[in-house]
Amino acid sequence: MSGPSTGPADRTTDRTTAVRLVVRGDVQGVGYRAAAGSRAQDLGLVGWVRNEADGTVALHVEGPPDAVEEMVAWTREGPSSAVVEGVDEREAEPHGPSAFDVRA
């Protein structure tokens with residue numbers, strides 16, 4: 001008999017949702033990506049976050065609908081060092097990554 005598992009799979013259900021987010025404002029060079037990665041991992045989500053050339057931060061987030069909703073709400077505030085002016089959100093297809101990656 002195996003013990004309980006830990007990690008993102010614990011929060012998965014038969015319903016996985018995915019969103020693509022673009023965060024505008026003073027969001028680069030202020031720890032936004034690292035904070036987003038920590039928050040996503042705390043929520044048991046998978047996907048990625050990266051800086052874009054136009055000064056925005058892009059995220060792809062997958063997981064249970066309630067956890068994705070919590071992450072979307074978090075992106076509208078971000079860490080205290082960021083100034084979020086807006087977040088563009090659209091549905092995305094789940095890709096099934098195994099972790100949440102903080103990309104350059």
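Contact here means heavy atoms within 4.5 Å. The model is predicted, so local features need pLDDT of at least 70, side-chain atom pairs count only at pLDDT 80 or more, and totals for chains, interfaces and linings use all residues. Residues are numbered from 1 along each chain as its sequence is written, and side-chain values use heavy atoms, with hydrogens and water left out.

View 1. Helices (H or I, at least four residues) and strands (E, at least two) are DSSP runs, numbered from the N terminus. The elements follow the order β-α-β-β-α-β-β from the N terminus on. Of the 104 residues, 38% count as buried. Buried means under 20% relative accessible area, exposed over 50%, and partly exposed in between (1.4 Å probe, protein chains only). Among contacts with a separation of 6 or more, 79% join residues 24 or more positions apart. The accessible surface of the chain is about 5900 Å², and carbon and sulfur atoms hold 46% of that area. Accessible areas come from the Shrake-Rupley method with a 1.4 Å probe; for residues, only the protein chains shown count as cover.

**View 2. Five strands make an open, mixed sheet.** The strand order is S4-S1-S3-S2-S5. Strands S4 (83-91) and S5 (100-102) are the edges, each pairing on one side only. From one strand to the next, the twist averages 15°. Two strands pair if DSSP finds at least two bridges between them. Strands of a sheet pair through backbone hydrogen bonds, either parallel or antiparallel. S2 (residues 46-51) and S3 (residues 57-63) run antiparallel and are joined by six bridges. Asn51 has Val57 of S3 as its bridge partner.

**View 3. Helix H1 lies across the sheet strands S1, S2, S3, S4 and S5.** H1 spans residues 32-42 and runs at about 170° to S5. Axes are lines fitted to C-alpha atoms, for helices over the stretch in contact, and angles run from 0 to 180 degrees between N-to-C directions. Tyr32, Ala36, Gly37 and Ala40 of H1 are buried. Seen down the axis of H1, the buried residues fall within an arc of 130°, so they line one face of the helix. The arc is that of the directions from the helix axis to the C-beta atoms. These buried residues pack against S1, S2, S3, helix H2 (65-75), S4 and S5. Gln41 and Asp42 are exposed, on the face of H1 turned away from its buried side. Just after H1, Gly44 adopts a positive phi of about 75°.

**View 4. Thr56 sits in the loop between S2 and S3.** Thr56 counts as buried because its relative accessibility is 9%. Its side chain makes a polar contact with the side chain of Asp54 at 2.6 Å. A polar contact is a pair of N or O atoms within 3.5 Å; within protein, one must be able to donate a hydrogen and the other to accept it, and residues adjacent in sequence count only if both atoms are side-chain atoms. Leaving aside neighbours within four places in sequence, Thr56 is in contact with Val22, Val23, Arg24, Val27, Gln28, Arg50 and Asn51.

**View 5. Arg15 lies in the segment before S1.** Arg15 is exposed, with a relative accessible area of 55%. Not counting residues up to four places away in sequence, Arg15 touches Gly63, Pro64 and Pro65. The C-alpha atoms of Arg15 and Pro65 are separated by 7.4 Å, although the two residues are 50 residues apart along the chain.
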